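User: Please take a close look at one part of this model: the interface between the two chains. I would like the cut-offs along with the values.

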2 protein chains.
Amino acid sequence: MARTRTNPLALAVLALLWERPMHPYEMSMTLRERRKDESVRLNFGSLYSVVDSLVKHGLIEAASTEREGNRPQRTIYRITDAGATEAVDWMSDLVRTPVKEFPQFEAALSFLPLLPPDDVARLLRLRRATLDRDITVLATTVDAATAQGLPAIFAIEAAYELAMLRAELAFVDGLAAAIADGTLGGVDMWRTFHARSTDGRIDPDELAAAIAPYLEGG
Amino acid sequence: MARTRTNPLALAVLALLWERPMHPYEMSMTLRERRKDESVRLNFGSLYSVVDSLVKHGLIEAASTEREGNRPQRTIYRITDAGATEAVDWMSDLVRTPVKEFPQFEAALSFLPLLPPDDVARLLRLRRATLDRDITVLATTVDAATAQGLPAIFAIEAAYELAMLRAELAFVDGLAAAIADGTLGGVDMWRTFHARSTDGRIDPDELAAAIAPYLEGG
DNA sequence: CGCGATATATTCGGTGCCGAACATTCGAGA
DNA sequence: TCTCGAATGTTCGGCACCGAATATATCGCG
């Protein structure tokens, strides 16, 4: 069941229709108002295809097709019993079981030796500055919401994002420093590769020799 | 240029061909040997379509079409100058600029009030246990590689993942405790919703009233 | 009272992604 | 030497995704 439908936007639709019947456009506006579009990737095309898919699997159904004033015709959907069950099951799965994600920054770190170490240190400091600003903005937003009386449980996803951003900031800080002061293992070797090359391309053979121990270790 | 091609697997291909020409199957095996498939989503179908796309954009090119022994015919690719430039540009972008990702756990946190608080606390403790095991396994792997002589820079992506996992563990720990002991803002209200409902479905009107302050603050 | 800007609401075409199927060869053992 | 499983490689069909286009109504403003 949940194997094929992996888009969390479908979970958002189920959660919204749990509260009350809506048409797709209202869903998107509600998600925006509540800032859920910060946590769930939202765009129009995906929303309509996700809604179709949920209908096809009997998790939601068309409640009515209305025309308010002379606005374009629109279809209002409601959640089914199967949909309510699926929402709870899916939520429980997501909370209980960590799923491996593939953040782009991790991919970049995988191939970091491709860039010269001093360039990397510089780029990391730029990243650090951006993260710092992002954290300040997010923390300010959360504080404002709290001050307005929003209970923490209704903005817990922001607290999570803040925690992750801070952890990344600390990592980036540490890495930049370790590269700069040479305490990171292998940074001397890394620098040598790039120092020798005039065209910006490192020597493949030297690289291969460097990673050999790891390959042996399997 | 980089707007349309977002799959980090393409970056992995460029990084591999930077070292030496390869055919697609060898790329996939090399990525596995070096554990890069932990950092970059790798599957056969995507690999071949990504290679085609890179060829189409002139970032790599077919070096030869060989037949070794009586094995199936295979095409060996090499990186072009444009590809080498693109690899450096792309890497620099990824290192310098944080991109907003949408982890599934964050999506689930967005809709957490849908589940009863005591269930959530229990699920979070299960998640905590899994994270703890994952961290132990990863830390052991990293230590083993280091002991075998692999410089830290060649496994820096694992250090990043470890840092993120530990941060998530701390967050999950704190959240579970705050729900259990009632110190999380709004947990009493949250519990009331679910206590009143017999069918497992919370009252939409009460929920709407609860989040009203946030919407005002919009 | 006419015009552009904004809000409402959905459709559509292209593309990237992915799992599974396909095709072949090699090695080990009965 | 027959067979079966593992390794070597690639292709394919379907579907999810996404951004841009489409279409209409309302509103503010001169």
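Analyst: A salt bridge here is a side-chain nitrogen of Lys or Arg within 4 Å of a carboxyl oxygen of Asp or Glu. By that rule, two salt bridges cross the interface of chain B and chain A. One of them joins the side chains of B:K100 and A:E161, at 3.2 Å from N to O.

The model is predicted: local features need pLDDT of at least 70 and side-chain atom pairs pLDDT 80 or more, while totals for chains, interfaces and linings use all residues. Side-chain values rest on heavy atoms, without hydrogens or water.

Polar contacts are N or O pairs within 3.5 Å; within protein, one atom must be able to donate a hydrogen and the other to accept it, and residues adjacent in sequence count only through side-chain atoms on both sides. Between chain B and chain A, 22 residue pairs are in polar contact, both at pLDDT 80 or more.

Which helix of chain B gives the most to the side that touches chain A? Helix 7 does, with 11 residues. Helices are DSSP runs (H or I, at least four residues), numbered from the N terminus.

Now the extent. Contact (heavy atoms within 4.5 Å) links 90 residues of chain B with 90 residues of chain A. The buried area is about 9000 Å², and carbon and sulfur atoms give 71% of that. Buried area is the accessible area (1.4 Å probe) lost when the two parts are put together, summed over both.

The copies meet through the same surface, because 100% of the interface residues of chain B are also interface residues in chain A.

Notes. Residues numbered from 1 in each chain as written. Chains lettered and ligands numbered in written order. Helix = DSSP H or I, 4+ residues; strand = E, 2+ residues; numbered from the N terminus.
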